[in-house]
Amino acid sequence: MNGRQITTIALVALLAVPAAVTGFSTGPVAQQAGPVANNSTTTANDSAAPAATTDESTAPSTQTASPDADFEVVDVDADLQVGEQGTVAVTIENQGEDAADVVVNLQSRSSSLVFGESATASQFVGEWDEGENRTIELDATVPSGGEARSYPVEATVSYVNDDDDQSQSAPLTFGVTAGEGDEDFAIVSTSSDVAVGDTGNLSVVLENQGGDIEDAVINLQTLSGTVTFGGLANTSEFVGDWEAGEQRTIETDISAASSARERSYPVQATVAHEDDGRETQAGPYLFGVTPAGEQAFTLDGVDSSLAVGEEGTVSGTITNDGPKNATDATLVFAANATGDLVPRQSEVVLEDISPDGSVDFEYPFVVNGSAEPGERQLPFVVQYRNAAGETVRSERLTTQVIIDDRADEFALENVASNVQVGDTGTIDLTLRNTGSDREDASVTLESSNAQVLFGNSTSATRYVGEWEANETKTVSFGTTATPDASVEAYALTAQVSYLDDGQPVSSQQLSMGISPRDEQAFAINTTDTTLRIDRDGSLNGTVTNAGPLPVSNATIRLSNRSGITSERAAYPVGNLDVGENETFSFPVSVQGGATGPQQVEYSVAYTGPTDNRRTDTGFMSQVDVAPRRPLLTTTIEDPNVTVQQSEVMNVTVTNQGSETLRNVQAVPNGSGSLAVSPTSLFVGQLEPGETVTRQLEIDADDVEVPSRIPLIIDFQYETNSNEMRQTQAPPVGIAVVAAESGLVTGPVVVGAVLLIVVLGGLIWYLR
């Protein structure tokens, strides 16, 4: 990097230093700039423009010195000329504690002196023992236009002490002296017509105050991003041969950002040329560019005809406050945050507006039907083409307008609802068009609570189509009241949307409330029920519609539980008005389980007024289950049989169940010691509790007497549902006894014969 480049970069950094620090005079530069240098002030955010002010700051450093830090500047050697790059050597002695990781920091206290490319510089020194001297050498520059004098510099030393603590010296202030330099070029004049937020022309006139040069190039560089050359920081122009005393003019487009202010922004010029076969650069030469005020417009004379849900206009006058002509100007509405107003067109044409010229306008709007009447602030911007042909926008022009309330366009004639808690029904809205004929109308109904829904949403829309003035229409909405809804009023709002001259318009909101009816309820009572374990029975009862609405196609279902089951899936009870009841009966069987009071559960399926099929569950009822008892019992009036004889016995069969048994067939099942005939006995039909008597012949052979032998009879029967079933009666004991008279057989006879033989022998012997 050569000296001219360093000088250029250094000036950029210098001019960015806050005014509190860079407050020294720029001397001759301000004089060269002539009329461009003005009294405008600079800020810390932009580079300072040249001005005839004092720029040395005496503000003390805010750094706190470490107590054992003691350094002293013992020598300053500067080889420095104004307008040329030079060097500065500073020798510092450590008169305090040993230091490690030492860094020496230099700060120029003048905007006219920079080190390399910045007003600050740092150099790492490393270890620095007590009593040791160190010399810091840096490149330095005082740009062209600066004074030949001493410039203040402040040095601080940062290091780590023996305790590994970070330490800092007190500021060391010294001066750096710059000698006189030779100025080869000077800025004679500058002029610019650029305005804030616009593009204009910049003209700079330079004079060659040195010798003749060849292949000269004038370079311009803006030192602030606010002012640019077509968005670039640099621009150049080749001027070729340039004789001594000759003036050259460079003209270029220059732009000022919309954030610019009416103040001077720094620009520097340098001249590059050939000198004895090597490239040389002179400068930089500073001057200022002050943008004119931004193109401004005034909005006044505003009037409006706006009403909620209606079309209207905002009218007024736009005045061009200058400084330039606004070409192809249009007025654009900058949408307001609430969105209450919708423009009917994207812009209003104003055409060309000369400075101080005015144009009247009328901007059409539609006000949303949901808007609240009252005052609104409306923003507009003027869009136009500047001198460079670019499309730009002005700052916002705001005005206050009044939105009036409007006469209702639609009236709510009636609201009808059959919605129940936990069910889906309909809400019927009857609306009348109190305004003009409307086309492509639709009605939107919105709920303010999640307990009342339209499908899964809190709003629903129904298309109506053409709607003539004063015509009444009824619009239905499928509505659900969730199970956690209450029997209370819920707020709803309705709004009609339609097209007016092809533009969408919304009516005023219509408020209403609906109260869902209570959830459908039933009562079930079980009556006349006798159940027994291992026995068929029936569950009889009544179901009552407890309201609040009649139902149709009601069906009772029994849940199988506690061993009580039914082969019948459902019992239809038909239509039930509110308060009406119907009976039902389920054939059931009890297979095992516990005796005593048992719970049975019912559910009711029904169709409501909205034709929705629903099921209500969890109806509990208590029934008694009796202990196990034989279905059929048998008794024999005289169950005795004489050994080796047969007896005809009367067998009585009793139906102990609650159901008629048909085609009852008895199958006796005697033991091997008993012979029973017939082997199958037809009993016939037995009503509940009925008893019939049939005869059986029973033989007992080879049976010890006395003895008791069980007689078991199996039964097969047919139920009322035409099912064939089997059961077994408790066994009946058959007593086998000896004969009362007649020949005695067996051991008794043998004994008698022996007794007769013995007695006969005894008589023969006595004789």
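Modeller: Strands of a sheet pair through backbone hydrogen bonds, either parallel or antiparallel. In this predicted model, strand S48 (residues 645-655) pairs with strand S52 (residues 691-700) over ten bridges, in the antiparallel sense. Gln-645 faces Ala-700 in S52.

Colleague: Which other strand pairs with S52, and over how many bridges?

Modeller: Strand S50 (residues 674-677) does, over four bridges and again in the antiparallel sense. There, Ser-677 stands opposite Glu-697 of S52.

Colleague: In what order do the strands of the open sheet with S28 run?

Modeller: The order is S28-S29-S33-S31, four strands with antiparallel pairing. Strand S28 (410-417) and strand S31 (452-453) are the edges, each pairing on one side only. Between strand S29 (residues 423-433) and strand S33 (residues 472-481) there are ten bridges; in one of these, Asp-423 is partnered with Ala-481 of S33. For the protein as a whole, the secondary structure amounts to 55 strands and three helices.

Colleague: How much of the protein is buried?

Modeller: Of its 767 residues, 45% are buried. As for contacts between residues at least 6 apart in sequence, 68% join residues at least 24 apart.

Colleague: Take Ser-621: is it buried or exposed?

Modeller: The cut-off for buried is under 20% relative accessible area. Ser-621 has 9%, so it counts as buried. This residue lies in strand S45 (residues 613-626). Its side chain makes a polar contact of 2.6 Å with that of Thr-526. Beyond four places in sequence, Ser-621 also touches Gln-598, Gln-599, Val-600 and Tyr-602.

Colleague: And where does Glu-207 lie?

Modeller: Glu-207 is in strand S11 (residues 199-208). Its relative accessibility is 23%, so it is classed as partly exposed. Phe-185 is 22 residues away along the chain, yet the two C-alpha atoms are separated by 5.6 Å. Phe-185 is also one of the residues that Glu-207 touches, and others include Trp-242 and Glu-246.

Colleague: Now charge. How many salt bridges are there?

Modeller: Side chains of opposite charge can pair when their charged atoms come close. The count here is twelve salt bridges. One of them joins Lys-324 to Asp-198, with the closest N and O atoms 3.7 Å apart. Lys-324 is in the loop between strand S20 (311-322) and strand S21 (326-333), and Asp-198 is in the loop between strand S10 (185-192) and S11, so the pair ties together parts 126 residues apart in sequence. Lys-324 is buried at 19% relative accessible area, and Asp-198 is buried at 6%.

Colleague: What about Arg-438: which residue is its salt-bridge partner?

Modeller: Glu-409, with the closest N and O atoms 2.5 Å apart. Arg-438 lies in strand S30 (residues 438-447) and Glu-409 in the loop between strand S27 (397-404) and S28, so this pair links parts 29 residues apart in sequence. Both Arg-438 and Glu-409 are buried.

How values were computed
Residues numbered from 1 in each chain as written. Predicted model: local features only at pLDDT ≥ 70, side-chain atom pairs only at ≥ 80, totals over all residues. Heavy atoms only, no water. Pairing = 2+ DSSP bridges. Helix = DSSP H or I, 4+ residues; strand = E, 2+ residues; numbered from the N terminus. Buried < 20%, exposed > 50% of the residue type's maximum accessible area, 1.4 Å probe, protein only. Contact = heavy atoms within 4.5 Å. Polar contact = N/O pair within 3.5 Å; in protein donor to acceptor, adjacent residues only side chain to side chain. Salt bridge = Lys/Arg side-chain N within 4 Å of Asp/Glu carboxyl O.
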